[in-house]
Amino acid sequence: MSYSNEVKNMACIVRGAGHGPAPIPEQGRWIKVKQVKDISGLTHGIGWCAPQQGACKLTLNVKEGIIEEALVETLGCSGMTHSAAMASEILPGKTILEALNTDLVCDAINVAMRELFLQIVYGRTQTAFSEDGLPIGASLEDLGKGMRSQIGTTFGTKEKGPRYLEIAEGYVTQLALDGDSQIIGYEFVHLGKMMDEISKNGDANKALKIATGRYGRFDEAVKYINPRHE
């Protein structure tokens, strides 16, 4: 290491302050983080790309500095789904510092990684006060039945009003309208549950019936419409 002449000619003074880093909460313990391996926690973060045409929700489960689990959910851009596939292979096994400086293929996923890094290293994880954190695989609890992301897709215009296309319950097949043409319920198909039934029994018609449900005052409707074609 080289020093400037100015520093070389300075008198030595002992530094009195040396308290080390402030402790941060990690999985039910207070830890003074000095190395990457001192960091643990599970948390979520959201990222977006420069043109803001797509977003990513990233969930990481970090144990002793190593990413043991990654859940990558993307929205709004077809290319992001392929990027997510690669990111799910790239992230596990890396330290959080490596992951921060790794090209995760898509800007939205990179930004999500940045946001998670900030949460994790500052002790703001979801498991900050949970003793021993959560087991590997815990991120899957964020998914619905059939291990499908919670999706909300709705559309509306001033001229024609709202259309519910897909919500947490599932893919909307019918909207129920009252006498004032206001939405009072809907029929939906839970696609994850439907595909599970098909894989188990092979009967698509039966699976569709099992996975179909209704919400609200569906049976009281004056009129039913298909939100995609009417």
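A cavity, as I use the word here, is a set of grid points where a 1.4 Å probe fits but cannot get out. I keep that in mind while going through this model, which is predicted.

**Entry 1: empty space**

I looked for cavities first. Rolling a probe the size of a water molecule over the atoms shows where empty space is left. I found one cavity of 30 Å³ or more in the structure. The largest cavity comes out at about 90 Å³ in volume. What lines it? I get 13 residues around the largest cavity, and those nearest its centre are Arg148, Ser149, Ala168, Gly170 and His190. I also sorted that lining by class: four residues are nonpolar, five are polar and four are charged.

Next I turned to the nonpolar side chains. In soluble globular proteins, such side chains tend to be buried together. Here the largest nonpolar core holds 23 residues, and Cys56, Leu58, Leu60, Leu91, Ile109 and Met113 have the most contacts inside it. Which elements give two or more residues to this core? I listed strands E4 (55-63) and E5 (66-75), plus helices H2 (78-90), H3 (96-100) and H4 (107-121). H4 supplies the largest share, seven residues.

I then picked Ile109 and asked what it is in contact with, leaving aside neighbours within four places in sequence. My list for Ile109 reads Cys56, Leu58, Val72, Ser83, Ala84, Ala87 and Leu104. There is also a second, separate core of seven residues, with Ile167, Leu175, Leu177 and Tyr186 among them.

**Entry 2: helix H5**

I went on to H5, which covers residues 191-201. Which of its residues are buried? I noted Gly192, Met194 and Glu197. Strand E9 (183-189) and helix H6 (204-211) are among the parts that cover these buried residues. Just after H5 I stopped at Gly202, which takes a positive phi of about 75°.

**Entry 3: Lys94**

Last, I looked up a loop residue. Lys94 sits in the loop between H2 and H3. Why does Lys94 count as partly exposed? Its relative accessibility is 22%, and buried means under 20% while exposed means over 50%, so Lys94 counts as partly exposed.

I checked what Lys94 touches, not counting residues up to four places away in sequence, and wrote down Gly65, Ile66, Ile67, Ala99 and Thr102. For Ile67 I also have a distance: its C-alpha atom and that of Lys94 are separated by 5.7 Å, although the two residues are 27 residues apart along the chain.

Notes:
Residues numbered from 1 in each chain as written. Predicted model: local features only at pLDDT ≥ 70, side-chain atom pairs only at ≥ 80, totals over all residues. Heavy atoms only, no water. Core = buried A, V, L, I, M, F, W, Y, C linked by side-chain atoms within 4.5 Å. Buried < 20%, exposed > 50% of the residue type's maximum accessible area, 1.4 Å probe, protein only. Helix = DSSP H or I, 4+ residues; strand = E, 2+ residues; numbered from the N terminus. Contact = heavy atoms within 4.5 Å. 1 Å grid on protein atoms, 1.4 Å probe; cavity = no way out; pocket = protein on both sides within 12 Å on 5 of 7 lines; lining within 4 Å. Points joined across faces, edges and corners; volume = space filled by probe spheres on them. Nonpolar A, V, L, I, M, F, W, Y, C, P; charged D, E, K, R; others polar.
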